[in-house]
Amino acid sequence: MIRFWLIALAVLAATGPVRSADRLNVVASFSILGDFVSNVGGDRVDVTTLVGPNSDAHVYAPTPSDAKKVADAKLVFVNGLGFEGWLPRLVKSAGGKAAVVTTTTGIAPLKLGSEADPHAWQSVANAKIYVANIRDALAAAAPADAEAFKSKANAYLADLDALEREVREAVAKIPENRRKVISTHNAFGYFAAAYGVEFIAPLGVSTESEPSARDIAAIITQIKTAKIPAVFLENITDPRLMGRIAAETGAKVGGTLYSDSLTAEKGDSPTYIAMVRHNIKALTSALSP
Ligand SMILES: [Zn+2]
């Protein structure tokens, strides 16, 4: 009888869920990256995301509990390209020992003004580079699980290939002269470069300041002059502004495009793949004649 239980236990240990003590403790700086890491790490990693759903990682203010999470983590996954300006101080206040993994390594950065554009994940081809970097960093940190990470990454990379095809097919259906939108947050440079949809920032508007009446007049002129068929709201700026612009120009208000963060589990973009699908659906329905 004892022998039977020993065998049963051995089988359980070999095939059962990974014990939490055996999981790799890692931190991801923001929700999209957290999703990538979860997809590659599966049940062999515990992922803590610092900047959660519906939050703006550009202007995040870390808390003392974030410093504790970073201090406890084996790896800290970041976007880099200037996205997490608050990160170096956080790593320092966590004791400075965290191994920071920059997941955009190997991606050719675009410019946003005079600086690097951090929103590289908006091209699905780039998302695959993030995933490869995450796979390699996890495998180096936990070599015993390297094969598991590789196989999870391969499955996810195949999903991203399918997603890339979906995006290209959807854009191909939009008439060429209608492939342009106004969006409040200039986060779609990589999407634009990869898929040929032009994203035009409303003149003088940023996520940090509310536009004046003069700004709004300039945007309205801009939409009429460039014959822009649609304007988009985002989950991190004031939607009332865009509603007013649409009313005065006749441009379609295309709903929400998600750029820098996922939604909560019950929202419409709780994962990266759901986010890209949501965005492409919103774009196609606003830009189709
Ligand atoms: Zn952004």
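This is a predicted model: local features need pLDDT of at least 70, side-chain atom pairs count only at pLDDT 80 or more; totals for chains, interfaces and linings use all residues.
Student: What makes helix α2 (residues 31-41) mostly covered?
Tutor: A residue counts as buried when its relative accessible area is under 20%. Nine of the 11 residues of α2 are buried, including Leu 33, Phe 36 and Val 40.

Student: Which elements do the buried residues of α2 pack against?
Tutor: They pack against β1 (24-30), β2 (45-51), β3, α5, α6 and α10 (272-287).

Student: Why is α5 called roughly antiparallel to α6?
Tutor: Helix α5 (residues 124-141) and helix α6 (residues 146-172) pack at an angle of about 175°, and their axes are 10 Å apart. Angles over 145 degrees count as roughly antiparallel, so α5 is described in that way relative to α6.

Student: Which residues make the contact between these two helices?
Tutor: Among them are Val 131 and Leu 138 of α5, and Phe 149, Tyr 156 and Leu 160 of α6. By class, the contact of α5 with α6 has 13 nonpolar, no polar and five charged residues.

Student: How do you know that strand β3 and strand β4 pair?
Tutor: Two strands pair if there are at least two bridges between them. Strand β3 (residues 75-78) and strand β4 (residues 99-102) have four bridges, so they pair, and they do this in the parallel sense. In β4, Ala 99 is the bridge partner of Leu 75.

Student: What unit do β3, helix α4 and β4 make?
Tutor: Together with helix α4 (residues 87-93), the strands β3 and β4 make a right-handed β-α-β unit.

Definitions and conventions: Residues are numbered from 1 along each chain as its sequence is written. Side-chain values use heavy atoms; hydrogens and water are left out. Axes are lines fitted to C-alpha atoms, for helices over the stretch in contact, and angles run from 0 to 180 degrees between N-to-C directions. Angles under 35 degrees count as roughly parallel, over 145 as roughly antiparallel, 65 to 115 as roughly perpendicular and the rest as oblique. Contact means heavy atoms within 4.5 Å. Ala, Val, Leu, Ile, Met, Phe, Trp, Tyr, Cys and Pro count as nonpolar, Asp, Glu, Lys and Arg as charged, and the others, Gly among them, as polar. A crossover is right-handed if, with the strands pointing away from the viewer, the path from the first strand over the helix to the second runs clockwise. Buried means under 20% relative accessible area, exposed over 50%, partly exposed in between (1.4 Å probe, protein chains only).
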